[in-house]
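Visitor: I would like to learn how to read a structural model one feature at a time. Where do we start?

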Amino acid sequence: MRKPTLSPTKINTYLTCKVKYYWSYLSPYRKLRRPNPMMAFGANLHRVLQAFHEHGGAQHLSPQQTQHLLEQLWNDSIFPNSELSQHHKQVGQTLLQQYHQLQSAQAEHARTLFTERLLRKDLGEFVLIGRLDRVDEYPDGTLEIVDYKSGRIHLTPEQVESDLALHCYALLLRALYPERPLCTALYALQIHQKISLPVEPHALDAFEASIRQLGIQILNEDYSHLTPEPFHACVECDFLPLCKKHFWSTGDTADTL
């Protein structure tokens with residue numbers, strides 16, 4: 001029997017709302033999510049940036065060739081409509097042009113080790129999985145995990161330090177390269193800012209112990225006895241109609257959302 005898998009997305013969903021976790025991953029309604037333009041935009045940018053670095057980056061591709069990658073790889077079908085697709089495509093063209101300029105201006109002091117790679121680590125009762133956007137290797141042997149953020153318009157070291165997904169990625173990468181120093185970085189594409197912080201081994205050990213316990217809690221949660229209360233994240237949740245139908249009465253609490 002295959003072990004269950006948990007990803008940073010699943011874990012963050014559970015931490016945000018247990019009911020949303022149930023709807024998203026355990027119920028028959030899990031495929032009812034609405035098309036999300038920002039998620040579609042991010043998916044397209046990730047695909048183009050993966051190809052950009054796999055072809056050698058700014059050292060081997062001209063700005064025109066880079067734009068051609070976007071034309072080739074852009075997927076209109078994952079947007080709610082063609083107008084939104086074209087709008088985000090134009091934004092992507094501008095971001096990609098700026099990204100190429102910045103990559104060209106930087107000294108070639110690191111090489112991209114791999115992009116968009118799915119890694120796995122057995123944590124006992126479950127397998128932790130994660131797809132790493134990019135990993136760069138520096139001359140001193142340090143590996144830097146770079147996680148793209150297509151919608152972020154401000155970035156702080158605290159956001160990097162507290163990012164659960166980055167910690168999961170560091171745990172997965174350490175399993176492959178146990179002796180290498182690690183850094184984790186968020187790259188805000190819209191403002192072209194990257195903040196990178198070193199990963200302390202003892203802190204990663206503590207995180208591994210915590211994520212093991214949290215994973216067991218997620219897998220053993222009794223979702224049949226949930227009694228959710230509405231909160232701010234409900235407003236934009238795809239599953240709000242289901243919660244109103246199955247959990248809440250038609251009283252004031254549900255009607256205010």
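**Reading the model**

Guide: Start with Met38, which lies in helix 3 (residues 37–54); helices (H or I, at least four residues) and strands (E, at least two) are DSSP runs numbered from the N terminus. The model is predicted, so local features need pLDDT of at least 70 and side-chain atom pairs count only at pLDDT 80 or more, while totals for chains, interfaces and linings use all residues. Residues are numbered from 1 along each chain as its sequence is written, and side-chain values use heavy atoms, with hydrogens and water left out.

Visitor: Is Met38 buried, partly exposed or exposed?

Guide: The classes go by relative accessible area: buried is under 20%, exposed is over 50%, and partly exposed is in between (1.4 Å probe, protein chains only). Met38 has 35% relative accessibility and therefore counts as partly exposed.

Visitor: Which residues does Met38 touch, not counting those up to four places away in sequence?

Guide: Contact means heavy atoms within 4.5 Å. On that basis Met38 touches His88, Ser150 and Gly151. As for Tyr148, 110 residues from Met38 along the chain, the two C-alpha atoms are separated by 13 Å.

Visitor: Now a helix pair. At what angle do the axes of helix 4 and helix 5 cross?

Guide: Two packed helices are described by the angle between their axes and the distance between the axes. Axes are lines fitted to C-alpha atoms, for helices over the stretch in contact, and angles run from 0 to 180 degrees between N-to-C directions. Here the axes of helix 4 (residues 63–73) and helix 5 (residues 82–105) cross at roughly 145° and come within 10 Å. Helix 4 contributes Pro63, Thr66, Gln67, Leu70 and Glu71 to the contact, and helix 5 contributes Lys89, Gly92, Gln93, Leu96, Gln97 and His100. Sorted by class, the contact has three nonpolar, six polar and two charged residues.

Visitor: How do I read strand pairing, and how many bridges join strand 2 to strand 3?

Guide: Two strands pair if DSSP finds at least two bridges between them. Strand 2 (residues 111–122) and strand 3 (residues 127–137) run antiparallel and are joined by 10 bridges. Among the facing residues, Asp122 stands opposite Val127 and Leu119 opposite Gly130. The two strands form a hairpin with four residues between them, and Gly124 in the turn has a positive phi of about 95°.

Visitor: What other strands pair with strand 3?

Guide: Strand 1 pairs with strand 3 in the parallel sense over two bridges, and Thr5 has Val127 as its bridge partner there. Strand 4 (residues 143–149) runs antiparallel to strand 3, with four bridges between them; Asp136 stands opposite Glu144. The hairpin of strand 3 and strand 4 has five residues between the strands, and Gly141 takes a positive phi near 95°.

Visitor: How many of the residues of strand 3 are buried?

Guide: Strand 3 is mostly covered, with 10 of its 11 residues buried. Take Glu137, which is found in strand 3 and is buried because its relative accessible area is 14%. Its side chain makes a polar contact of 3.0 Å with that of Arg180. A polar contact is a pair of N or O atoms within 3.5 Å; within protein, one must be able to donate a hydrogen and the other to accept it, and residues adjacent in sequence count only if both atoms are side-chain atoms. Beyond four places in sequence, Glu137 is in contact with Ala110, Arg111, Leu113, Thr142, Leu143 and Arg180.

Visitor: Which residues of helix 1 are buried, and what covers them?

Guide: In helix 1 (residues 8–16) the buried residues are Pro8, Lys10, Ile11, Thr13 and Tyr14. Their cover includes strand 1 (5–6), helix 2 (18–25), strand 3, helix 7 (164–176) and helix 8 (201–220).

Conventions
Nonpolar A, V, L, I, M, F, W, Y, C, P; charged D, E, K, R; others polar.
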